[in-house]
Amino acid sequence: MKRFVKCALLASVALSAVSTSALAQDALTQEPQASALDDVVVTARRREESLQDVPVAVTAVSGEQLEAKGAIDITELARSTPSLTLNAARGSNSTLISFIRGVGQQDPLWGFEPGVGLYLDDVYVARPQAAVLDIFDVERIEVLRGPQGTLYGRNTIGGAIKYVTRRIDADSPEGSIRASYGSYNQRDVVASVELPLSDTLGVSGSFARYLRDGFGENLNTGHEHYNKDVTAARLSVEWAPTSDLFFRLSGDVVQDDSNARHGHREVAPIPADVYDTYAGAGDANRVLAGGVSLTGEWNASDSLTFKSITAIRSGSTRGNIDFDNLPQPILDIPARYDDEQFSQEFQMLFSGDRWNGVAGVYYMDAKSSGAFDTVVGLYDANIVFALPPGTFPVGLTTLTSGSVDTESFAIFGDFSFDMTDALSISVGGRWTRDDKTGSVFRQQYAGIRSPDFGNTGAVVLGAPRTNYTASRTFEEFTPRASISYKFSPEMTAYASWSRGFKSGGFDMRGDAVSYPDTVNGYDPETVETVELGLKGSLMDRRLTFATAIFDSQYKDQQITTQYPGTGGVIASVVDNVGSSSIRGWEFEGRFRVTPNLTLNGSLSYIDAQFEEFLAYIPTGVLNTSCPTLPGCFIDVSDTRHFQNTPEWTGSIGANYTWYMGDGSTISFLPSAAYRGAYQQFETPAPLLDQLDSYWIYDASIVWTSSNDRLTFGVHGKNLSDERYKIGGYSFPGALTGDSLIAFYGAPRTVTATLGVKF
């Protein structure tokens with residue numbers, strides 16, 4: 001079966017001649033001519049360029065295309081983008097977990113750095129909380145694959161995701177309203193307006209309200225589970241006092257009041273529905289995040305532009321995760337996270353007859369902090385459901401709190417030169433310095449929850465297990481070089497080499513009793529990637545495509561391992577476990593069969609292997625490979641595999657448009673996305689891992705009026721109602737209530753959407 005699926009995908013790509021990695025054009029376009037790569041403009045190298053000229057594997061998708069497919073948030077990009085994994089974090093509704101080509105970070109705890117950079121209008125979003133961005137007021141989204149450390153800095157070793165919002169381009173007031181109703185009582189409203197106040201000044205704003213009942217129920221409390229309650233807004237003021245000056249002041253805010261997402265027990269007692277839970281930790285949850293940015297551009301001459309990007313962002317999260325998914329506090333985690341950041345970037349963009357480039361400096365001052373309780377109650381499967389309401393077994397609580405202050409400074413540059421009309425070279429580099437100060441505190445209490453989370457009667461047990469403040473500095477130079485050659489105006493090949501790094505830091509869960517070296521922190525990790533690519537169009541530009549092969553060497557990977565430690569605590573170790581190799585191939589294509597029918601698709605293959613994986617055997621735990629105390633490291637690379645990295649992913653889609661006699665159109669957009677089996681963690685967990693490959697089938701049908709001012713669409717998602725796992729936690733054993741819980745992707749939904757422009 002697995003071989004059949006691979007062959008089917010390859011055959012469909014070859015036979016359909018499906019298209020290009022970046023086709024950001026409108027999915028509902030009415031023009032019969034084919035688009036080509038050189039029609040698509042991206043800013044992958046911090047300057048506007050034709051996609052065909054960019055020696056980077058990049059996918060660009062327009063906001064109109066996403067709306068036509070009924071996409072709700074950016075996680076749907078993973079259905080059609082090669083080598084990409086995007087999910088809401090386990091136990092979260094709006095915290096983003098992202099992996100590109102096997103590189104990412106699943107742990108959203110404060111102090112941990114993501115492996116894929118997220119940018120909102122060129123502003124780096126340092127924390128993943130509230131980063132599952134909904135689709136509204138978006139011009140396009142670019143997904144850059146591979147290390148982007150030269151132009152996008154630290155923590156883009158897997159790649160970068162650029163969310164670009166719309167700028168004002170209306171000569172007179174314009175607005176739109178989009179309303180949706182669908183399965184599980186989904187009610188969405190998105191409204192936007194553009195108000196040109198004069199020839200030089202304009203204001204735009206967008207508001208979105210997303211409501212949906214839960215896919216399941218908390219069978220213990222009766223509350224909804226997997227519901228959605230999100231409010232978001234953006235406001236921009238644009239001023240162009242002269243033809244050479246432009247300023248944009250913009251702000252955004254999102255509030256997520258969806259109930260806490262606890263997961264589904266995979267061992268007895270097991271709820272019959274995968275979206276149900278027995279959790280008793282509490283359903284309250286709130287995420288509030290937002291920011292303000294000021295962008296200024298000055299065209300000093302035809303060949304020189306100065307750009308400044310100033311931004312502040314902050315976020316707050318209050319929630320609960322019930323690891324045991326049982327009514328009693330067997331393994332509960334009430335938590336709070338807070339973050340704030342200030343960033344300033346100055347750029348100089350150069351252009352000439354045969355050369356282009358960008359150089360600049362970047363500064364960021366950020367702080368992330370938080371606290372959580374690890375509540376471990378005494379568990380007995382025979383009595384846990386028989387306890388009277390409001391009574392709890394005797395328990396032990398470990399409070400973990402701390403903060404990380406980061407001050408980052410970088411100098412960067414990237415320049416391209418056309419040696420001939422066909423041959424171009426590009427070189428660049430970035431020097432980054434991160435100064436980090438981390439504080440970690442861990443204290444045990446007798447009782448259910450600590451004083452920090454409401455239990456004033458909790459009794460302190462002994463001295464703190466961890467209590468330190470330390471500072472470290474991390475410096476790195478991340479170069480990039482590429483060469484591209486145009487065989488013809490429609491066909492370009494390139495070869496590139498790039499290096500990226502993710503900053504080191506301090507383990508915010510570190511337990512100094514179980515692992516004394518935690519006070520020293522952990523080192524940065526690096527990725528070096530060689531990539532060969534080909535982009536082009538054939539058959540009079542009816543077929544467009546992009547393909548690439550890559551080979552990455554991944555060193556000093558930061559891996560988080562949690563385990564039952566000494567003294568009844570859940571301990572954590574974050575270490576640079578070793579090295580690995582990642583090799584793969586990616587293809588995207590689009591083929592206009594007739595003026596009415598366009599086929600599209602993608603396919604990617606990844607072979608990711610650990611070459612060394614040094615696992616820590618903690619103090620007090622005897623092991624045949626480590627028979628003496630204290631703890632030691634052993635190489636377990638032969639038993640570890642990459643998380644969130646299917647070997648094969650692919651997609652197949654079509655867009656068939658009927659042109660009606662009154663000038664209106666009806667477009668039918670079916671698609672199928674394939675995802676191979678994958679693990680949730682490096683260590684196999686058969687009850688939690690997605691052991692089977694699966695397909696997700698979507699379809700949309702959209703009617704658009706002749707003047708493009710009225711649309712009506714029906715969008716079906718996961719039409720086969722596939723059940724697939726996107727996350728999990730594994731803490732087996734009596735002490736933790738056999739905590740094996742999984743989180744599942746959304747079930748089948750159907751949504752009707754009416755859009756009006758005025």
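Me: Is Asp-434 buried or exposed?

Reply: Asp-434 counts as buried, at 0% relative accessibility. Buried stands for under 20% relative accessible area, exposed for over 50%, and partly exposed for what is in between (1.4 Å probe, protein chains only). Please keep in mind that this is a predicted model, where local features need pLDDT of at least 70, side-chain atom pairs count only at pLDDT 80 or more, and totals for chains, interfaces and linings use all residues. Residues are numbered from 1 along each chain as its sequence is written, and side-chain values use heavy atoms, with hydrogens and water left out.

Me: Which side chain does Asp-434 meet in a salt bridge?

Reply: That would be Arg-154, at 2.5 Å from N to O. A salt bridge here is a side-chain nitrogen of Lys or Arg within 4 Å of a carboxyl oxygen of Asp or Glu.

Me: Nice. What about Arg-465, what is its salt bridge partner?

Reply: Arg-465 pairs with Asp-511, and their closest N and O atoms are 2.7 Å apart. Arg-465 lies in the loop between β25 (459–460) and β26 (466–488), and Asp-511 in the loop between β27 (491–502) and β28 (525–538), so this pair ties together parts that are 46 residues apart in sequence. Both Arg-465 and Asp-511 are buried.

Me: Which residue forms a salt bridge with Glu-528?

Reply: Arg-499 does, with the closest N and O atoms 3.1 Å apart. Glu-528 is in strand β28 and Arg-499 in strand β27, 29 residues apart. Glu-528 is partly exposed at 32% relative accessible area, whereas Arg-499 is buried at 16%.

Me: How many salt bridges are there in the whole structure?

Reply: A search finds 46. Some share partners: Arg-46, Asp-122, Lys-162, Arg-167, Glu-297, Lys-307 and Glu-345 are joined into one network that way.

Me: New topic. How many helices and strands does the chain have?

Reply: There are 3 helices and 41 strands. Of the 758 residues, 60% count as buried.

Me: What is the strand order in the open sheet of 3 strands?

Reply: The order is β4-β5-β6, with antiparallel pairing; two strands pair if DSSP finds at least two bridges between them. The edge strands are β4 (84–88) and β6 (103–104), each pairing on one side only. Between β4 and β5 (residues 96–100) there are 5 bridges, and Asn-87 has Ile-97 in β5 as its bridge partner.

Me: Last one: what is the mean pLDDT?

Reply: The mean is 89, and 90% of the residues reach 70 or more; pLDDT is the predictor's confidence in each residue, from 0 to 100. Over residues 1–36 the pLDDT is below 50, though beyond near neighbours in sequence this stretch has 109 contacts in the model, a contact being heavy atoms within 4.5 Å. Residues 379–392 are also below 50, with 19 such contacts. Where pLDDT is low, the predicted coordinates should not be read in detail.

Terms used. Helix = DSSP H or I, 4+ residues; strand = E, 2+ residues; numbered from the N terminus.
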